[in-house]
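Have a look at the picture first, and then we can go through it piece by piece.

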Amino acid sequence: MANKKIKIFALENREGFWGRFHDARLPGESRAPIKLLTRDESLPNFVINQLWEKKNEELKRERGILPDIKNPLSSAIIQWHEHGCPSSRRSNKKQKTLDFYKRTTDLYLEAIGDHDLDEYSWEHASTFEKFLWSLPRITDEGVNCHQRQFQIFITWCHSTGKLKHLIKPPKVSKSEKLIETFTRKQIEIYKEATFAQGDINLNRTFMLCYYNIMRMSEVWTLPLDQIIMNTEPPRIVIKKVEDLDWLPKMGKPRENELHNQTLVDFLIKDLGDGSSNRKWFLDKGNGERDYERYGHLTERFGDIRDRAGLPKYAPLQTLRRTGITLMVEAGATMAEVHDHSGHHNISTTEKYYRAKRRRSGSKAASVL
């Protein structure tokens, strides 16, 4: 017997996966209907769940439990998920992202219920926002994220002709968080703890994330031929990597000139070690990239940070934020910091200058 809490199950005497549909049970029925979902037992769980959702919707409409909506929003949601939640930025999304998008659409249906897609309005968006705020432990950033993800779905509906008029409700205002950075003393402790690991690729990652304010994904995907040392000043080119079909964040390529002598000296020594088979900056020494994914780098640096007793900030992103903060405090212009950091919006760079003014103001207040 299948547990009633489990909506998808396999019976010993039947091939494939079967779904139990409690939502589609009619008054007076003692048992929920059971329907075949698929005979292909090799399908991953998330695909089987999608089949259950689709069949559940069909059954409820067939049995008159749901109203007969000509252009149901729920059907469009199912199709959007079946297509991998495409958006204008990127169509191929990781399973973790797809699960998060599924959470957003589930919350919308929980808050509003199913309705005709063409009836979607600002009022629906406002009701959804109020519902999100009612959830425990959700921040303004979380509310904005769910609203933004649902807007991606609405935009897709319009672009595919499922929605006649595109509705763009105003964004949820986000409170500005303080920029988390390490102190110079903490940076030295972090650097010493990193170099003590004896892993050259950890050293390389630290140097570029801090001294050249690169994102960890940019370091992990950096080919060796994009580090150009025979120019004055030397520079690193951050652009699409054809071998990996990888683009910089927001698709924005850039070149970072190398003015920090500590980093230049490190790279001269590192690149001149005679490793002829090396292809990537983070290389195993035989032309293969080290670390299966850049998340592994984050995990390693998180362990180093914790053992060194440092604040539990994002282990690599905080190196980059600290480097940007030091550039601002050294007097670099906003345009220079914006170009070097690869921020998509100048408003992101402005946050560092506002943070500097807040710090300056607090120092001024202390001598009153």
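Let's start with the cysteines. Cys209 is buried, with a relative accessible area of 1%; buried means under 20% relative accessible area, exposed over 50% and partly exposed in between, with a 1.4 Å probe and protein chains only. Cys157 also counts as buried, because its relative accessibility is 0%. A disulfide is a covalent bond between the sulfur atoms of two cysteines. Taking a disulfide as a pair of cysteine sulfur atoms within 2.5 Å, the count here is zero.

A word on the basis of all this: the model is predicted, local features need pLDDT of at least 70, side-chain atom pairs count only at pLDDT 80 or more, and totals for chains, interfaces and linings use all residues. Residues are numbered from 1 along each chain as its sequence is written, and side-chain values use heavy atoms, with hydrogens and water left out.

Next come the helices and strands, which are DSSP runs numbered from the N terminus (helices: H or I, at least four residues; strands: E, at least two). Helix H1 covers residues 45–62 and has 18 residues. From first C-alpha to last, H1 reaches 26 Å, close to the 26 Å expected at 1.5 Å a residue; the expected span is 1.5 Å times one less than the number of residues. Among the buried residues of H1 are Ile48, Trp52, Asn56 and Lys60. After H1 comes Gly64, with a positive phi near 75°.

Two strand pairings are tabulated here, where pairing needs at least two DSSP bridges between the strands.

S4 runs into S5 by a hairpin of six residues.

Finally, the second largest pocket has a volume of about 480 Å³. On a 1 Å grid over the protein atoms alone, a pocket is an open set of points where a 1.4 Å probe fits, with protein on both sides within 12 Å along at least five of seven lines; lining residues have an atom within 4 Å of a point. Of the 19 lining residues, Tyr211, His259, Asn260, Met327 and His340 are the closest to the centre of this pocket. H7, S6, H11 and H12 each give two or more residues to the lining, and H11 gives the most, with four.

Definitions and conventions:
Grid points are joined across faces, edges and corners, and a volume is the space filled by probe spheres set on the points.
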